Amino acid sequence: MASSNSYNSPCAACKFLRRKCLPDCIYAPHFPPEEPQKFANVHKIFGAGNVAKLLRELPPHQREDAVSSLAFEAEARVRDPVYGCVGAITFLQRQVERLQKELEAANADLIRLACSDIPILPPAIGMQQRPLELRIVAENGGFCPIPYGFPVTYASSLQWNENHHNNHGGI
Amino acid sequence: RCAACRHLRRRCPSDCIFAPYFPANNPRRFSYVHRIYGASNVAKILQDLPENVRGEAADSLHYEAYCRIKDPVYGIVGMITVLHQQICAAQRHLARVHAEI
């Protein structure tokens with residue numbers, strides 16, 4: 001992530017914006033001149049000013065990740081101007097739902113097999129007969145705890161963000 | 001006036017590009033997209049699309065803006081990463097269950 005300034009070559013942003021690339025250019029560490037399309041996409045969707053504002057609000061060690069995600073979003077929006085990244089989210093959510101259903105079905109099969117394997121013992125002579133009890137214990141009361149119940153639907157509230165620094169209000 | 005023209009403090013023309021998708025009763029919707037994309041970028045994106053899909057585009061722009069405001073580093077891409085991880089975990093789990101069967 002070397003600054004292009006050290007080579008006296010403007011970064012992709014300053015080249016695109018046709019301006020002098022200063023030593024403290026906010027874009028230079030993240031938009032090298034060898035990747036002009038990256039900045040072009042980001043500028044087209046977000047605007048150079050908004051990107052600079054976003055980056056300035058972040059500590060330096062988080063800016064590269066932010067630029068990567070902005071570049072990804074911008075490219076997705078250029079490819080799909082209607083849905084952008086949301087199209088990918090919808091597709092992935094459907095995959096998660098399909099896998100959860102498959103998992104439920106597979107667990108049901110497993111339990112049916114397990115039940116059929118349990119031998120039914122004849123009652124011992126002299127002992128009171130008790131019905132066979134089979135109790136399937138799981139954390140959430142179902143027969144298979146699915147640890148990742150994540151049915152996030154489009155525009156529903158986000159639950160996944162606890163690990164990231166959250167300094168803004170919600171919808 | 002629609003939420004966009006109110007936010008931008010301008011007259012709302014009859015053919016305002018924002019009015020159908022940023023109603024006055026939801027000012028936060030426009031303020032999110034304005035903050036992340038800027039009004040002119042949103043207008044450009046909507047103008048380049050046929051009218052019948054502009055509503056979907058406005059919705060997805062709003063959702064992505066909301067995700068970016070909530071998570072300035074990863075935005076909606078963080079959610080994609082989480083979903084990928086969940087899919088991998090589910091596939092591994094399924095393979096284990098099938099192996100047991």
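**Exercise 1. Determine which residues of chain A the UniProt annotation "domain: LOB" covers, and describe the secondary structure of that span.**

Step 1. The annotation "domain: LOB", which comes from an unreviewed UniProt entry, covers residues 9–110 of chain A; UniProt positions are given in the numbering used here, feature names are shortened, and annotations may be inferred rather than shown by experiment. The model is a predicted one, in which local features need pLDDT of at least 70 and side-chain atom pairs count only at pLDDT 80 or more, while totals for chains, interfaces and linings use all residues. Residues are numbered from 1 along each chain as its sequence is written, chains are lettered from A and ligands numbered from 1 in the order in which they are written, and side-chain values use heavy atoms, with hydrogens and water left out.

Step 2. Over residues 9–110 of chain A the chain is 70% helix and 0% strand, and the end C-alpha atoms are 63 Å apart; helices (H or I, at least four residues) and strands (E, at least two) are DSSP runs, numbered from the N terminus.

Step 3. For chain B, UniProt places "domain: LOB" (unreviewed entry) at residues 1–101, a span that is 70% helix and 0% strand, with its end C-alpha atoms 63 Å apart.

Step 4. UniProt also lists a "coiled-coil region" (unreviewed entry) at residues 89–116 of chain A; this span is 100% helix and 0% strand, and its end C-alpha atoms lie 40 Å apart.

**Exercise 2. Work out how chain A is divided into domains, and characterise the contact between them.**

Step 1. Chain A is divided into domain 1 (12–79) and domain 2 (82–117), with bounds that come from an automatic or database domain assignment. The C-alpha centres of the two domains of chain A lie 38 Å apart.

Step 2. In chain A, 4 residues of domain 1 are in contact (heavy atoms within 4.5 Å) with 4 residues of domain 2. The two domains bury about 300 Å² between them, 63% of it on carbon and sulfur atoms, where buried area is the accessible area (1.4 Å probe) that two parts lose on being put together, summed over both.

Step 3. Glu73(A), Ala76(A) and Arg77(A) supply 89% of the area that domain 1 of chain A buries against domain 2 of chain A, more than any other three residues. By class, the side of domain 1 of chain A that touches domain 2 of chain A has 2 nonpolar, no polar and 2 charged residues.

**Exercise 3. Carry out the analysis for the two domains of chain B.**

Step 1. Here domain 1 spans 3–70 and domain 2 spans 73–100 of chain B, and their C-alpha centres lie 33 Å apart.

Step 2. In chain B, 4 residues of domain 1 are in contact with 5 residues of domain 2, and the area buried between these domains is about 400 Å², of which carbon and sulfur atoms give 62%. Tyr63(B), Cys67(B) and Arg68(B) supply 84% of the area that domain 1 of chain B buries against domain 2 of chain B, more than any other three residues.

Step 3. Between domain 1 and domain 2 of chain B the count is 0 salt bridges, a salt bridge being a side-chain nitrogen of Lys or Arg within 4 Å of a carboxyl oxygen of Asp or Glu.

**Exercise 4. Describe the interface of chain A and chain B, and identify its salt bridges.**

Step 1. The size of an interface is often given as the accessible area lost when the parts come together. Chain A and chain B bury about 4800 Å² between them, with 68% on carbon and sulfur atoms, and the contact takes 55 residues from chain A and 46 residues from chain B.

Step 2. The structure holds 6 salt bridges over all chains, and the count between chain A and chain B is 2. In one, Glu64(B) pairs with Arg77(A), the closest N and O atoms being 3.2 Å apart.

Step 3. Arg68(B) forms a salt bridge with Glu73(A), with the closest N and O atoms 2.8 Å apart. This pair crosses between chains, from helix α4 (residues 51–70) of chain B, which holds Arg68(B), to helix α4 of chain A, which holds Glu73(A).

How values were computed:
Nonpolar A, V, L, I, M, F, W, Y, C, P; charged D, E, K, R; others polar.
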